[in-house]
Amino acid sequence: MAEIRNDIFYKMGSSTSDGYFIYDVQQSDFVYVNQAFVVMFNLSEHPVNTKQLWAAVHDEDKDHLQSCYEELLADGGSKKYVFRMVTADEKVRYLKCTAYLDQENNEIYGILDDFTTTQENKTHIEQINGRKNVTLEVLSHDLKEPLGMIKMAVSSMENKIGRVAEEDFKGSLQFIADVCERNLKLIRSMVNHEFLKSSVVAIKRERVDLIWELKDVVRFYKRSHLREIRNFTFSSSQEKIFMFLDSMKFMQVINNLVSNAIKFTSFGGNIEVNAEDRGETVVVSVSDNGIGIPEKIKEKLFQNEKSVLRKGLNGEESGGLGMNIIKDIVDLHQGRIWLVSEQGIGTTFYIELPK
């Protein structure tokens, strides 16, 4: 009976990315580990060196894991535990272990789930939320005074309508405009800084229809007031292309590329989003017939340098994601990004992603 049970366990272990193991309590040694277990701990030899594996347990979790082991032996049945391991390159891995004690054979059957990415995301998100709370507090404090000044200026203008010289009226309007501009820069700076911090969160892929997601981006611009001054189109080689993406982050990339195209395209300009299935990969492109990008900027475009920042045709400030962050997000998807641009003709950004 035990052989049949083990055979099923082995088959399950050979077809999963979770670590499967059987531990002999009497021998204090592993009698079985699957390939995922070997990869998970970067083991170079088999049988498993138990002392070496124990040494890899995070120092702060050794007592906890020992007490978990003793609890399982005392209570029997099935238990779930969480602990940390430190890899050879000193990276911390977060593991969930579901363990079952087979008292008849004095063996522990276990399954290890590596949830490091989920845990790191949770930690990053908590840090980001904490920073955002501080940001909101700073903004609410720093904006209170200028908003009060604008309110006073508007109230004064209302009381003097018809009795104030045009130059004084223009002066008050200019004062309001200057206050707004200074504080918009404050908001833009703080928001950009927070997104730069939040971009370090590891991507969390999910199965999405890339075509639907891209069409939704284009639909947004077609429904906005921008449809009156720009032409937006979408094309694709397929009706549906399913991929595993962090759709929120990737669509932020596409949105930013479209937004940049709008800034550097004249009234009535054309902006097209295209998706092409190339078998093993998919290439997404964002094209415009705008002013193009100078050669000296192309070379440093994906680096974090302020020298590549340009105002739009109508004086729009550079905002949203920096090109270096865009490249980081594409890299996290194991993709690549490049551009083709000619001054006075237009620009096309290409993103190639593995399917």
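## Charges over aromatic rings

In this predicted model, Lys96 lies over the face of Phe115, at 4.8 Å from the ring centre.

## Aromatic pairs

A pair of aromatic rings is described by the distance of the centres and the angle of the planes. The structure holds 13 aromatic pairs, and among them is the pair of Phe9 and Tyr20, whose ring centres are 4.9 Å apart and whose planes stand at 45°, so that the pair counts as tilted. This pair links distant parts of the chain, since Phe9 belongs to helix H1 (residues 2–13) and Tyr20 to strand S1 (residues 19–24), eleven residues apart. Phe9 and Tyr20 are both buried.

Tyr10 and Tyr32 also form a tilted aromatic pair, with 4.4 Å from centre to centre and 45° between the planes. Because Tyr10 lies in helix H1 and Tyr32 in strand S2 (residues 29–33), the pair ties together parts that are 22 residues apart in sequence. Ring pairs link Phe9, Tyr10, Tyr20 and Tyr32, together with Tyr109, into a cluster.

## The sheet

Strands of a sheet pair through backbone hydrogen bonds, either parallel or antiparallel. In this structure, five strands form an open sheet in the order S2-S1-S5-S4-S3, and the pairing is antiparallel. The edge strands are S2 and strand S3 (77–86), each of which pairs on one side only. From one strand to the next, the twist averages 30°.

Strand S3 runs antiparallel to strand S4 (residues 92–102), and ten bridges join S3 to S4. Within this pairing, Gly77 has Leu101 in S4 as its bridge partner.

## A helix across the sheet

Helix H4 (residues 62–75) lies across S1, S3, S4 and strand S5 (107–114), and the direction of H4 runs at about 165° to S3. Strand S3, one of the edge strands of the sheet, is thus described both by its bridges to S4 and by its angle to helix H4. Strand S1, which H4 also lies across, holds Tyr20, the partner of Phe9 from helix H1.

Note on methods. Residues are numbered from 1 along each chain as its sequence is written. This is a predicted model: local features need pLDDT of at least 70, side-chain atom pairs count only at pLDDT 80 or more; totals for chains, interfaces and linings use all residues. Side-chain values use heavy atoms; hydrogens and water are left out. Rings of Phe, Tyr and Trp (its six-membered ring) pair if their centres lie within 6.5 Å; planes under 30 degrees apart count as stacked, over 60 as edge-to-face and the rest as tilted. Helices (H or I, at least four residues) and strands (E, at least two) are DSSP runs, numbered from the N terminus. Buried means under 20% relative accessible area, exposed over 50%, partly exposed in between (1.4 Å probe, protein chains only). A charge sits over a ring if NZ of Lys or CZ of Arg is within 6 Å of the ring centre and within 35 degrees of the ring normal. Two strands pair if DSSP finds at least two bridges between them. Axes are lines fitted to C-alpha atoms, for helices over the stretch in contact, and angles run from 0 to 180 degrees between N-to-C directions. Contact means heavy atoms within 4.5 Å.
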